[in-house]
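The sequence and structure come first.

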Amino acid sequence: MRIHILGICGTFMGGLAQILKESGHFISGSDIQFYPPMSNHLENLDVEMIKGYSSESLPEADLYVIGNALSRGNECVEYILNNNLPFKSGPEMLGEILKTRKVLAVSGTHGKTTTSYMLAHIFLHQGKDIGFLVGGISDNFKGSASLGTDKIFVIEADEYDSAFFDKRSKFIHYSPSTVVINNIEFDHADIFHDLNDIKRQFHHLMKIIPSSGNVIFFEDDKNSNEVIKMGVWCNLISINGNDIKINFHSRELINKDNTFSLNNLPLIGEHNFKNYISAILAAEANGISIEDSLESLETFEGVKRRLENRGKYAGIQIYDDFAHHPTAIEFSSDAIRSQFPSKKILGLVELGSNTMSGGSHGLSLVDSARSLDHVIWLDHQNVLSEKKEISTSKNIDDFIESAKIAAQDYDVILLMTNRDSSKILNPITTYLEKK
């Protein structure tokens, strides 16, 4: 079958392209712009790439897969609708492929990408050729997706909507047998009115898990707990419940009468400790012992742009993080502070997500970085204007200049943005190298 993907450069759609290619289909795709690493990845897959959404450049295909970045008014979308051509959303297309697989879905506001890679790494390290699709890049993996030959398929399960014509969360399409809920908070203010909207989508997900399946969740996460109380019809694995306890300070997992140490695992921060726990328990629920998972995770190197150490410049250690939410900012700030308790740490934070830049989190943003010595905020929409005592810039050039001036007084710089971090990091590191 010839399948043409509209919006192919997104991490999900690029991963879907690889899985469809491995399934034997001929794949082409359109996007506004193609840039590394996805453009290189698609070239290696021998995917025909078409720049722009002109209907004249739209190739003939048996099926069109439309990404959720596209909407009515897009020239290709209008052409497909006017000519009654067959189309589907990306999640629906993937869901059809996964009907014969045992799907392990990792969900939640924070930690999806890292936990998904951890879980996939465990199975692969244990010799199982599983399939996976994850929205990020890890040095442990050649790509972000693979069809695999094993029955198990690990997927990062996003609560974002599927397409302009399908407002259900993506994860509804995957029919998982095991679901991890790392946490639930308000996010994606562009599509959800409030937290209850998000909980409702998670409740719909709970409804389709088979009775032989599993839900792994943190009982002390209030919103996750409320979703569970709305109804679950499968096996519950409750972290910090009756049988399973965790201790971050000693980095231990207590499962019934057995205690397991995570002190040999490399990633820092309480959030990564919890990600480890979720992955270990999901693997155990699907046949991998905790001891084997711990051995596998010792070789897991993490995910690009998740507290990624970018090196030392002019004696200043630089970290790059994807933080897209106040809680993520707090997680990453606390992790860096615990790693460098006596160092001076400068935070550079871009309010990049729709939710943060739109002001949905209010001034709680400022408090989320309290572990750092000083923070400069890139505030495009001026949502922090009421806080006169903090340092803000409204455009990226001023933000970078302020960072250059401040940098020399600090030992560690932590950049947090869910946009292209290279536009900020490259000029700063070049400046520091000259120093």
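The axes of helix α1 (residues 11-22) and helix α4 (residues 90-97) come within 11 Å of each other and cross at roughly 35°. The model is predicted.

**Helices α1 and α4**

- The crossing of α1 past α4 is left-handed.
- On the α1 side the contact is formed by Phe12, Met13, Leu16, Ile19 and Leu20, and on the α4 side by Gly90, Pro91, Met93, Leu94 and Ile97.
- Sorted by class, this contact of α1 with α4 holds nine nonpolar residues, one polar residue and no charged residues.

**Helices α5 and α8**

- Helix α5 spans residues 112-125 and helix α8 spans residues 270-284; the two pack at an angle of about 45°, and their axes lie 9 Å apart.
- The crossing of α5 and α8 is right-handed.
- From α5, the residues in contact are Thr114, Thr115, Met118, Leu119, Ile122 and Phe123; from α8, they are Asn272, Asn275, Tyr276, Ser278, Ala279, Ile280, Ala282 and Ala283.
- The contact of α5 with α8 comprises nine nonpolar and five polar residues, with no charged residue.

**Helices α6 and α7**

- Helix α6 (residues 195-207) packs against helix α7 (residues 222-229) at an angle of about 50°, with 9 Å between their axes.
- α6 and α7 are therefore oblique to each other.
- α6 crosses α7 in a right-handed sense.
- Leu195, Lys199, Phe202, His203 and Met206 of α6 meet Asn223, Glu226, Val227 and Ile228 of α7.
- Five nonpolar, two polar and two charged residues make up the contact of α6 with α7.

**Second largest pocket**

- The lining of the second largest pocket divides by class into six nonpolar, five polar and five charged residues.

Definitions and conventions
Residues are numbered from 1 along each chain as its sequence is written. This is a predicted model: local features need pLDDT of at least 70, side-chain atom pairs count only at pLDDT 80 or more; totals for chains, interfaces and linings use all residues. Side-chain values use heavy atoms; hydrogens and water are left out. Ala, Val, Leu, Ile, Met, Phe, Trp, Tyr, Cys and Pro count as nonpolar, Asp, Glu, Lys and Arg as charged, and the others, Gly among them, as polar. Axes are lines fitted to C-alpha atoms, for helices over the stretch in contact, and angles run from 0 to 180 degrees between N-to-C directions. Helices (H or I, at least four residues) and strands (E, at least two) are DSSP runs, numbered from the N terminus. A crossing is left-handed if the near helix is turned anticlockwise from the far one by less than a right angle, and right-handed if clockwise. Contact means heavy atoms within 4.5 Å. Angles under 35 degrees count as roughly parallel, over 145 as roughly antiparallel, 65 to 115 as roughly perpendicular and the rest as oblique.
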